[in-house]
Number of protein chains: 2
Amino acid sequence: MITLVIGGSGFIGSHLVDELLAAGHRVRVFDRSPERFRAASAGVDLVQGDLGDTALLAEALSDVGQVFHLVSTTVPATSNLDPAADIRGNLINTVRLLELMRAAKVRRMVYLSSGGTVYGIPQTDPVAETHRLQPISSYGIVKVAVENYLMMEAYLHGLEPVILRASNPYGPRQGHGGVQGVIGTFLWKIAQGDPIQIWGDGSVVRDFIHVRDLAQLCVLAAETGIVGTFNAGSGAGHSIAEVVDTIAAVTGRKIVPLRKEGRGFDVPRVVLDISAIRATTGWAPTIPLQDGIAETWAWVCRQGVI
Amino acid sequence: MITLVIGGSGFIGSHLVDELLAAGHRVRVFDRSPERFRAASAGVDLVQGDLGDTALLAEALSDVGQVFHLVSTTVPATSNLDPAADIRGNLINTVRLLELMRAAKVRRMVYLSSGGTVYGIPQTDPVAETHRLQPISSYGIVKVAVENYLMMEAYLHGLEPVILRASNPYGPRQGHGGVQGVIGTFLWKIAQGDPIQIWGDGSVVRDFIHVRDLAQLCVLAAETGIVGTFNAGSGAGHSIAEVVDTIAAVTGRKIVPLRKEGRGFDVPRVVLDISAIRATTGWAPTIPLQDGIAETWAWVCRQGVI
């Protein structure tokens, strides 16, 4: 059987494909485009199309044993600009995907949700999966709705979903659009000699996970046959100011960030409680933040922008 | 200022309009059609249109001080047949309504959510507002998503929402389509001499609230200036079998229901904990189930089907 990675050309997807190939899986990628930062991996079947293309998606599900769904057409920072587009692009298309999977009798799905947005402003630190879901961005609201459709499909039609509420992934091959992934954005800016900007005073705390740790967890989630909803982070918090300091140490540059006004939808502190996934699978993140940033910096430098 | 009732021609809406007029409000109704069971109420301005008609809705918001949003294009029993339509008709259109309200600076909104579906299968009895939200129907999932967009709008843009998670309303002017409102459906069938059908063994328990009690609560919610999410039920549970017995007693008919196989999306028991709304507003339901059924039966009989 084939493992289908929807969004397999993206940042997380490309690392997941690597880990799947290393573990001996037959991999098909469904994505709007090929990978951006490297040539296609040998042996990977790429189906190029939009998540809304139901006919193509149905074809792509042929001979598939499990699906990884990593696509998001929006990011937290911009989802509120057009919630209706967010809902159409992510929620409606995912509901259709579930219907196609039901028809094709594909039961296993690993869905990448968002530990940074589904809880809203956490009432506990760290925040566990049982924390109430009160998102304050369209991105988070749609993630919660997708999670609920997955759980309904499980209850009514036997889907076996693994929902991974990822924290903030970073690492090589993260883009530099400036709207997602503060570490990638900072490193690209520095490499290009541009100033970096931070929102507020840099005290915002996030849980950063190296993309390879996350990709390995995705594979484990599929291979162990677990079902349920799990936080997927490092379990540790770092402020934006700490990240800037670490980047300064790694790059050897003096960094003076420009400060912009804080954004209303930014949650002040989110650190995920990862004890559930540890207890269930034995997985634990292995790459310390400083090492991961150093690796990412080396990768950015190799991209030839300096 | 005008009070806009979106869905004001419907079952609950028509009673809400009565209560608003009695309390001296100027009322505008936005609905696809006029009321079904009676002539238009004097002094009510009817704007006939679809919730998706943004231009018309924007017009209808002129001079409006508060909005009641009672529209649902789906019911729990059928929402799973086409979740994408459910999402488009209810979620996307409501998100657009919120944008229009923001532009028109209308801050007060009473939204009718669903205490019977947002919690999924309750882990407590009765179920309080803090219970986790794990709906197992598209209807419930969309209600949760709408609630989340309302709370986000409150957090980011100052909306003052009152979310009422209604239980199962019944009473005069409930339709008899057969997909919503078991009491209304049963009474119409009996009046027409048709057999009634129940799913499963009749042990399913619901919290029935008389529509007038609910409408009075809606008015109170608007007038007291409260903000938040509240269960809106009777706080008492009655099984379908009990309802059938009560109907038999009220109508004086011998009733032998036809039994159909249980439905996967039916929650076995939902009784709402209404202590929060009682404590906040002093409201309490006043109409006992037997009295309400007797009143509804008298109304059905007056419709001339016998």
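**Briefing: a predicted two-chain model**

B:Arg38 forms a salt bridge with B:Asp18, and their closest N and O atoms are 2.7 Å apart; a salt bridge is a side-chain nitrogen of Lys or Arg within 4 Å of a carboxyl oxygen of Asp or Glu. Because B:Arg38 lies in the loop between strand S2 (26-31) and S3 of chain B and B:Asp18 in helix H1 (residues 11-22) of chain B, the pair ties together parts that are 20 residues apart in sequence. Over all chains, the structure holds 18 salt bridges.

This is a predicted model, in which local features need pLDDT of at least 70 and side-chain atom pairs count only at pLDDT 80 or more, while totals for chains, interfaces and linings use all residues. Residues are numbered from 1 along each chain as its sequence is written, chains are lettered from A and ligands numbered from 1 in the order in which they are written, and side-chain values use heavy atoms, with hydrogens and water left out.

**Interface of chain B and chain A**

- In chain B, 28 residues are in contact with 28 residues of chain A (contact: heavy atoms within 4.5 Å).
- The area buried between chain B and chain A is about 2300 Å², and carbon and sulfur atoms give 71% of it; buried area is the accessible area (1.4 Å probe) that two parts lose on being put together, summed over both.
- Helix H4 (83-104) and helix H5 (138-157) of chain B each supply at least two residues of the side of chain B that touches chain A; helices (H or I, at least four residues) and strands (E, at least two) are DSSP runs, numbered from the N terminus.
- The residues on that side of chain B divide into 19 nonpolar, 5 polar and 4 charged, where Ala, Val, Leu, Ile, Met, Phe, Trp, Tyr, Cys and Pro count as nonpolar, Asp, Glu, Lys and Arg as charged, and the others, Gly among them, as polar.
- Between chain B and chain A the count is 0 salt bridges.

**Sheet of chain B**

- In chain B, 7 strands form an open sheet with parallel pairing, in the order S3-S2-S1-S4-S5-S6-S11; two strands pair if DSSP finds at least two bridges between them.
- Strand S3 (45-48) and strand S11 (228-232) of chain B stand at the edges with a single partner strand each, so one side of each is left without a neighbour in the sheet.
- The parallel strands S4 (residues 64-69) and S5 (residues 108-114) of chain B are joined by 4 bridges, and B:Phe68 stands opposite B:Val110 in S5(B).
- H5(B) lies across S5, strand S6 (160-166) and S11 of chain B and runs at about 155 degrees to S5(B); axes are lines fitted to C-alpha atoms, for helices over the stretch in contact, and angles run from 0 to 180 degrees between N-to-C directions.

**Sheet of chain A**

- The open sheet of chain A has 7 strands in the order S3-S2-S1-S4-S5-S6-S11, with parallel pairing.
- Strand S1 (residues 2-6) and strand S2 (residues 26-31) of chain A pair in the parallel sense over 5 bridges, with A:Ile6 opposite A:Phe30 in S2(A).

**Backbone features**

- A cis peptide bond, with omega near 0 degrees, runs from A:Asp125 to A:Pro126, and A:Pro126 lies in the loop between S5 and H5 of chain A.
- B:Asp125 and B:Pro126 are joined by a cis peptide bond with omega about 0 degrees; B:Pro126 lies in the loop between S5 and H5 of chain B.
- A:Arg173, a residue other than glycine, has a positive phi near 75 degrees.
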